[in-house]
Amino acid sequence: QERQVKQAQKAAMARDREQEALAQEQRLEALRAKVRPCVEDDPTRVWQPTEAVKHARSDALELRRLRQVIPRSGVIGYSDQQVTNDRRWKVANALHAAGLQVSESENTYFK
């Protein structure tokens, strides 16, 4: 009798595992159906540029056009002369040269 109970339990566990596997496969199939691509069968699509490539090309063409229209548009930021002529840079440089730019926490940490 114990053997029959154990066999019944094993059979019930096997059925449960089988049902769980079937339920999981159904959930996976539902997910696959949801994310399956919907595209026409067109072999020439392989040779066409993607949308990202199209946008990158148009952006590059626009940038090239702007560089021709606006002189020195390739320079981003400030030149050295513009930075060193700024009053804030001159004050910071003078403080640094005098050793006054260092904060109190840096003084205590590095001593």
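**Entry 1: Overall make-up**

I began with the secondary structure and found 5 helices and 0 strands in the chain. I took helices (H or I, at least four residues) and strands (E, at least two) as DSSP runs, numbered from the N terminus. Read from the N terminus, the order of elements is α-α-α-α-α.

I note that this is a predicted model, in which local features need pLDDT of at least 70, side-chain atom pairs count only at pLDDT 80 or more, and totals for chains, interfaces and linings use all residues. Residues are numbered from 1 along each chain as its sequence is written, and side-chain values use heavy atoms, with hydrogens and water left out.

**Entry 2: Confidence**

I looked up pLDDT, the predictor's confidence in each residue, from 0 to 100. The chain has a mean pLDDT of 84, and 86% of its residues reach 70 or more. Where in the chain is confidence lowest, and where is it highest? Helix α5 (residues 104-110) has the lowest confidence, at a mean of 58, and α1 the highest, at 94.

**Entry 3: Surface and burial**

I next recorded the accessible surface of the chain, about 11200 Å², with 55% of it belonging to carbon and sulfur atoms. Such areas come from the Shrake-Rupley method with a 1.4 Å probe, and for residues only the protein chains shown count as cover.

Of the 111 residues in the chain, 0% are buried.

**Entry 4: Salt bridges**

Side chains of opposite charge can pair when their charged atoms come close. I counted a salt bridge where a side-chain nitrogen of Lys or Arg is within 4 Å of a carboxyl oxygen of Asp or Glu. The count comes to 6 salt bridges.

I looked at E62 and R65, whose closest N and O atoms are 2.6 Å apart. How many residues apart do E62 and R65 lie in helix α2? E62 and R65 are 3 residues apart in helix α2 (residues 51-69), about one turn of the helix. E62 is partly exposed at 36% relative accessibility, and R65 is partly exposed at 42%.

Within it, R32 meets E25 at 3.2 Å, N to O. E29 meets R36 at 3.3 Å, N to O. I looked up the exposure of these residues as well: R32 is partly exposed at 35% relative accessibility, and E25 is partly exposed at 39%. E29 is partly exposed at 36%, as is R36 at 44%.

**Entry 5: A nonpolar patch**

I noted a nonpolar patch on the surface formed by L28, L31 and V35, with about 270 Å² of accessible area together. Patch residues have over 30% relative accessible area and no salt bridge; like charges are joined within 9 Å, and nonpolar side chains (Val, Leu, Ile, Met, Phe, Trp, Tyr) within 5 Å. L28 lies in helix α1 (residues 2-35) and is partly exposed at 35% relative accessibility.

**Entry 6: Helix α4**

How many of the 12 residues of α4 are buried? The count is 0, and α4 is hardly covered. G99 follows α4 and has a positive phi, near 75°.

Terms used
Buried means under 20% relative accessible area, exposed over 50%, partly exposed in between (1.4 Å probe, protein chains only).
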